[in-house]
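Dear colleague,

Please find below the structure that I am handing over to you. My notes on what was found in it follow directly after.

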Amino acid sequence: MSLNNRKASKLPTSRIQAVLNSPRKIKNAQAPSVKRPVSSTSISVTREPPGGKCIGTKNKTSTSSLKRKNNDTTKENGRNVRSIPFDSGRTTQRAPTGGTKKSINVRSRIQYPPPPPQPPSQAEILQEKNAILRDEIQQLKKERDEVTTLNIQSRNEVQEMKRSKDEYIAEIAKIGVRVDNAQARKREVEGKISDLRKKCEVLSDEKFELTSQVEIYKKEFETAQNSIQEQDEKMEYNLNFSQELTTKLQEHEYLRRDLHNLVQDLKGNIRVFCRVRPPLESESDDLADLKYPKESPVNRKISLTSTTTNYLGRKKERLKDYEFDQVFGPETTQKDIFNEVAHIVQSVVDGYNGCIFAYGQTGAGKTYTMAGPNNPTPETEGMIPRAVRLIYDLIQNLKAQCWVFKMEGQFIEIYNDTIRDLLSTNPSHSNGIKYKPEHDENTGTTKILNAKTGKFTNRILFDKNFVLVNLDSPDTLNRALKISAQNRAVAATKCNARSSRSHSVFMIRLTGINENLKEQRVGSLNLIDLAGSERLSKSESKGDQLQEAKYINSSLSHLKTVIEKLRKDSNHVNFRDSPLTWLLKNSLGGKAKVLMLVNISPLESSRSETESSLDFATCVNATH
């Protein structure tokens with residue numbers, strides 16, 4: 001539908017309908033119908049953009065065209081048509097074209113009843129429509145302005161909504177990320193919850209098992225309590241029994257100690273062993289005729305055979321026998337000898353004094369017997385390391401009887417009747433320090449004053465603040481033996497390429513304390529490697545070696561004299577005649593246990609020295 005038709009449909013038709021539907025009738029007169037072709041006034045309404053004017057266009061030829069069409073219609077009918085006025089009224093019509101008023105007076109010759117009201121003309125209709133359209137245009141302009149305003153507002157709202165939309169989209173994106181994170185967290189939490197549920201199930205099963213075990217343990221605990229009560233009773237019984245055994249053990253220990261001491265006394269406080277050095281391969285052509293008569297259970301005799309020729313030229317063998325506490329042949333090992341020496345070590349642990357010294361000519365094996373070789377093995381260890389190891393073992397065994405022992409030691413040598421400290425930095429230079437023996441009459445032990453030696457730890461430290469050496473293990477003893485061997489005075493002679501020129505003395509002091517018995521034991525052990533006796537004519541010693549030989553032989557002579565007086569129970573024994581005998585005062589007299597190891601050479605060329613050593617050993621052996 002076009003805009004004109006749409007607006008025409010909106011025109012009011014009440015007036016026209018009132019005229020057409022009027023019931024009044026005109027008698028004897030009828031107004032001729034005048035056909036006026038009406039050309040619709042075309043009005044185009046152009047809606048401007050917001051803010052513009054609405055322009056309406058009207059066809060200016062519409063009125064003139066209407067008049068021409070009316071005149072043509074009248075001419076076709078062949079007569080003039082006049083308008084019939086109402087009674088004396090005057091009809092005024094608005095010119096459709098010029099807009100001026102024109103009055104038409106029609107005099108009626110015949111009086112007719114008033115005609116029905118004439119319907120409005122087409123022009124009026126159009127004018128009325130035009131006015132309506134103008135109003136509508138104004139209304140539309142207002143609506144347009146409102147629409148424009150609404151459009152602007154809508155655009156602003158759209159922009160605002162777009163911004164809001166973007167914000168909402170961004171917020172939705174953030175929310176989406178949060179949702180994803182929350183979902184991931186949810187899945188994680190669900191996984192953990194699932195794991196926890198599984199763990200809960202496992203724990204529930206374990207709880208059930210543990211509950212069962214607890215019940216079992218309760219029963220076992222009750223059984224254990226009963227058992228503990230029984231064990232307590234047994235422990236109390238065992239404790240009492242142990243105390244009884246400890247008492248008996250202590251009694252037996254006292255009895256063992258007394259019996260062992262009695263056995264040693266019966267054997268003699270001074271015992272003599274003889275050992276023959278095994279010959280070297282280079283000495284096979286110079287072997288003496290030594291015989292060892294077989295006796296049971298031990299060999300006590302050794303025979304030295306000599307051949308003499310009388311004035312008639314007859315040869316006669318002369319056999320000289322020597323008898324000692326025990327004789328060890330060349331095949332004897334260090335272990336065999338120490339098995340007999342161990343009894344004296346036991347007496348020292350029991351609280352007695354002991355002395356073991358090796359005597360013999362130079363090159364007879366005294367140092368080997370006492371200290372062992374330079375690089376000893378368990379089979380070739382000497383008497384000194386074996387004695388110390390046995391002391392450690394005995395001390396450990398006595399711990400069960402609550403005995404605590406402390407062992408100390410000193411390494412000295414007597415060189416030209418002068419005491420030297422073998423553990424000092426330079427034993428040959430005393431720097432004015434004099435080492436003197438000090439005898440403790442209460443304990444019956446002897447110490448060397450001013451013998452500044454260090455403490456045995458990982459190494460030996462030389463410090464003037466230490467007088468004794470703490471022997472904490474056999475290894476420290478071996479290190480001390482090496483140091484003392486390096487510091488000992490030796491020299492080469494015609495008889496021995498490495499002859500000891502001093503008497504070496506290793507002094508061990510043992511102190512044992514038993515807190516339960518309130519008892520204390522003090523014992524000492526002197527392990528002595530005497531310098532070798534030698535004939536000056538044979539050794540051809542000169543200078544310092546000659547002086548050393550004189551001192552060695554003199555000290556050995558004084559030792560022989562002291563032992564002879566001890567054998568005769570002399571009321572006065574002059575120990576002070578020699579530093580050696582004065583040092584051994586407590587180890588030779590009284591209840592001391594003395595063992596002399598006389599070492600002899602198997603060579604025929606050393607017969608005179610061998611006989612001299614065996615004669616001295618026989619003299620010592622006769623004291624018990």
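Asp 205 counts as partly exposed because its relative accessibility is 48%, where partly exposed lies between buried (under 20% relative accessible area) and exposed (over 50%), with a 1.4 Å probe and protein chains only. The model is a predicted one, in which local features need pLDDT of at least 70 and side-chain atom pairs count only at pLDDT 80 or more, while totals for chains, interfaces and linings use all residues. Residues are numbered from 1 along each chain as its sequence is written, and side-chain values use heavy atoms, with hydrogens and water left out.

Asp 205 is placed in helix H4, residues 122–267; helices (H or I, at least four residues) and strands (E, at least two) are DSSP runs numbered from the N terminus. Together with Glu 201, Glu 206 and Glu 209, Asp 205 forms a negative surface patch. Patches consist of residues with over 30% relative accessible area and no salt bridge, like charges being joined within 9 Å and nonpolar side chains (Val, Leu, Ile, Met, Phe, Trp, Tyr) within 5 Å. A salt bridge here is a side-chain nitrogen of Lys or Arg within 4 Å of a carboxyl oxygen of Asp or Glu.

Helix H4 also holds Leu 262, which is partly exposed because its relative accessible area is 45%. Leu 255, Leu 259, Leu 262 and Leu 266 make a nonpolar surface patch of about 410 Å²; accessible areas come from the Shrake-Rupley method with a 1.4 Å probe.

I turn next to the strands. E6, E7 and E8 form an open sheet of three strands in the order E6-E7-E8, with antiparallel pairing; two strands pair if DSSP finds at least two bridges between them. Strands E6 (290–291) and E8 (315–323) are the edges, each pairing on one side only. Strand E7 (residues 301–309) is joined to E8 by nine bridges, and Lys 301 stands opposite Glu 323 in E8.

Strands E11 (residues 403–415) and E12 (residues 418–421) run antiparallel and are joined by four bridges. Tyr 415 has Thr 418 in E12 as its bridge partner. Two residues lie between the strands of this hairpin, in which Asn 416 takes a positive phi near 55°.

Finally, Ser 557 is found in helix H10, residues 544–567. Ser 557 is partly exposed, at 41% relative accessibility.

Yours sincerely

Conventions:
Lys, Arg positive; Asp, Glu negative; His and termini not counted. Charge placed at Lys NZ, Arg CZ, Asp CG, Glu CD.
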